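Let's take a walk through this model together, starting at one residue and working towards the whole fold. Please have the structure open beside the text.

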Amino acid sequence: MMSGTPQGSPLSPLLYIMYTADSMNGIPTHTEHGLFADDTALWTSGHTLTSLRSRLQKSIDAFESWCKSWKLKLQPTKTELIHFSLHPRKKYKKSSDS
């Protein structure tokens, strides 16, 4: 049996949103999320890379579990991780020739 909706069908986005409406219910409270069409973003903040890695992995595991339960395939090749960091501003000495 085939599943899914035809690509480009006006009904497809609405059905997908309804199908995935509860996909973020299982992620830990320390992780935020954003959904747009079939794209999902997860983000969190922390003071150490170990903390960030642990938090995001728990959230990814929860989302992956939901996907497996509902027969939704993830595309690991389309997955990206972006790490943003705040660094103290560097102070530069003025050159002596100015």
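Is E80 buried or exposed? At 68% relative accessibility, E80 counts as exposed, where buried means under 20% relative accessible area, exposed over 50%, and partly exposed in between (1.4 Å probe, protein chains only). E80 sits in the segment after α2. Its C-alpha atom is separated by 9.5 Å from that of A41, although E80 and A41 are 39 residues apart along the chain.

A word on the basis of these values. This is a predicted model, in which local features need pLDDT of at least 70 and side-chain atom pairs count only at pLDDT 80 or more, while totals for chains, interfaces and linings use all residues. Residues are numbered from 1 along each chain as its sequence is written, and side-chain values use heavy atoms, with hydrogens and water left out.

**The overall fold**

The protein has two helices and two strands, and along the sequence they follow the pattern α-β-β-α. Helices (H or I, at least four residues) and strands (E, at least two) are DSSP runs, numbered from the N terminus. Of the 98 residues in the protein, 13% are buried. Among contacts with a separation of 6 or more, 35% join residues 24 or more positions apart; a contact means heavy atoms within 4.5 Å.

**Helix α2**

Helix α2 covers residues 49-69, and its 21 residues should span 30 Å at 1.5 Å a residue. The expected span is 1.5 Å times one less than the number of residues.

Which residues of α2 are buried? They are L52, L56, S59, F63, W66 and C67. Seen down the axis of α2, the buried residues fall within an arc of 100 degrees, so they line one face of the helix. The arc is that of the directions from the helix axis to the C-beta atoms.

The buried residues of α2 pack against α1 (12-19) and β2 (39-43). On the other side of α2, T50, R53, K68 and S69 are exposed.

Two further residues of α2, I60 and S65, are worth a look. I60 is partly exposed, with a relative accessible area of 41%, and S65 is also partly exposed, at 43% relative accessibility.

Just after α2 comes K71, with a positive phi of about 60 degrees, although K71 is not a glycine. K71 is exposed, with a relative accessible area of 72%.

**Around helix α1**

L15 lies in helix α1 and is partly exposed at 35% relative accessibility. T20 is found in the loop between α1 and β1 (32-36). Leaving aside residues up to four places away in sequence, T20 touches W66 and L72. W66 is itself one of the buried residues of α2.

Here are some C-alpha separations to check in the viewer.

| Residue pair | Apart along the chain | C-alpha separation |
|---|---|---|
| I60 and L42 | 18 residues | 8.1 Å |
| L15 and T5 | 10 residues | 8.4 Å |
| S65 and S23 | 42 residues | 9.6 Å |

**The largest pocket**

How is the largest pocket built? Its volume is about 2200 Å³. Of the 48 residues that line the largest pocket, D38, D39, T40, F63 and L74 are the closest to its centre. The elements that give two or more residues to the lining are α1, β2 and α2, and α2 provides the largest share, eight residues.

By type, the lining divides into 22 nonpolar, 18 polar and eight charged residues. Here Ala, Val, Leu, Ile, Met, Phe, Trp, Tyr, Cys and Pro count as nonpolar, Asp, Glu, Lys and Arg as charged, and the others, Gly among them, as polar.

A pocket is defined on a 1 Å grid over the protein atoms alone, as an open set of points where a 1.4 Å probe fits, with protein on both sides within 12 Å along at least five of seven lines; lining residues have an atom within 4 Å of a point. Grid points are joined across faces, edges and corners, and the volume is the space filled by probe spheres set on the points.
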